[in-house]
Amino acid sequence: MTVDNKVTVVLGAQWGDEGKGKLVDLLGADIDLCARCQGGNNAGHTIVANGIKYDFHMLPSGLVNPDCHNLLGNGVVVHLPAFFQELETIINKGLDCEDRIFVSDRAHLVLDLHQIVDGLKEDELGRGSIGTTKKGIGPAYASKANRDGIRIHHLFDEEVFNSKFRSLVEKKRKRYGHFEYDVEAELVRYRQLAQRIKPFVVDGVSYIHKALSENKNVLVEGANAIMLDIDFGTYPYVTSSNTGVAGVCTGLGIPPRSIGKVIGVVKAYTTRVGGGPFPTELHDEDGERLQSIGAEVGVTTGRKRRCGWLDLVVLKYSHMINGYSSINITKLDVLDTFPEIKVATAYKLNGEVMDSFPADLGTLGKVEVQYETLPGWQSDISKCRKFEELPVNAQKYVQYIENFLGTKVEWIGVGASRDAMIHIPL
């Protein structure tokens, strides 16, 4: 059967925390199904709707729209206690989620065991630690790759689940030595969790293809971002899944021809959380201002984000991989008070301009960043709702990004509220 319907994809174009959830929320008004394709509860989206702030970590932010169904695909790793805790939190804030959130039976479980191992791995690495969220995401994906992971459907065969669970604990204790973990209590807990999750479980592949065949509007919400992709990011300072457009196919079971519009979400400057290289990072007053004005604290981790000027080398590389149909620039208003704004336009190594973003972190640590300095606009843009209402220098900043990347800016975020977004029809 050939399905001509196309999904819309929203992806992070930098190191994450770009504000993807807000765009998903806006697009969600016309969406029938919102799907997550990778990651776990190490992601974080904040949405402010009707004066209420919602923090999403694992659940798709399409839940804010009462008419939108939501799916965690097979590429997502699911920590069941966190799933139910997050669901309970947003229900208590007034969202009716009944019969609107579903989980693929092929999705892998994140166990508390994986979270313990995550901490042990970071302790073992010491100063060379990756700076993970310690949510167990990496160890869960490692179990998946090692073929000793436990999937959602295993929960419903108690004998199989118990055997796999005990085997996994034994392997981790052989690797890390004995650590406190009540196996019998966990088995009892997961028998209970199996019954709780059962009503949410579907064949994810059939579920999304049925939606496409019925001509439903489907939106895929990426987690993390391309510079944290396990293949294309600043390895090993990355997450453990494919965070780019390729992860949409493998994480949901849809073919490339089913992907339509791909929107890259770009913060008007650059941030990252955790360890790893960051060529445009600022260690001065400008960096502190970006952090303070932008309220740059991780939704999931509570960690302050490192801040720097917009890196167009990163974005060009990002666009090469994901092929953005259009761009959403977020938090442009954070730059309102800066008299001058810099953007990185090239990396030089030994006096020569580099062709692309380097794979080797040693090389990346030696690059000389080339900047273009643009004039600021030094005025409040938070009330602007049309591109023409922006100050001329703000317009020029947006146009510079467009021209450099060779793709159009379709959305511009100018504030925290739900309606603080400019849409430029393509």
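A word on the model: it is predicted, so to speak of local features we need pLDDT of at least 70, side-chain atom pairs count only at pLDDT 80 or more, and totals for chains, interfaces and linings use all residues. Residues are numbered from 1 along each chain as its sequence is written, and side-chain values use heavy atoms, with hydrogens and water left out.

Let's start with the sheet. Ten strands make up an open, mixed sheet, ordered S9-S7-S5-S2-S10-S1-S11-S15-S19-S20. Strands here are DSSP runs of E, at least two residues, numbered from the N terminus, and two of them pair if DSSP finds at least two bridges between them. S9 (201-202) and S20 (421-423) are at the edges with a single partner strand each, so one side of each has no neighbour in the sheet.

Now look at S2, residues 33-36. Leu-33 sits opposite Val-218 in S10 and has His-69 as its bridge partner in S5. Cys-34, in turn, is partnered by Leu-219 in S10.

Which way do the S2 residues point? Leu-33 and Ala-35 go one way, Cys-34 and Arg-36 the other, and all are buried, meaning under 20% relative accessible area (1.4 Å probe, protein chains only).

Finally, the cores: sets of buried Ala, Val, Leu, Ile, Met, Phe, Trp, Tyr and Cys joined through side-chain atoms within 4.5 Å. The largest has 71 residues, and Leu-252 is among those touching the most other members. Apart from that core lies another, of 43 residues, including Phe-165 and Leu-187.

Technical notes
Helix = DSSP H or I, 4+ residues; strand = E, 2+ residues; numbered from the N terminus. Buried < 20%, exposed > 50% of the residue type's maximum accessible area, 1.4 Å probe, protein only.
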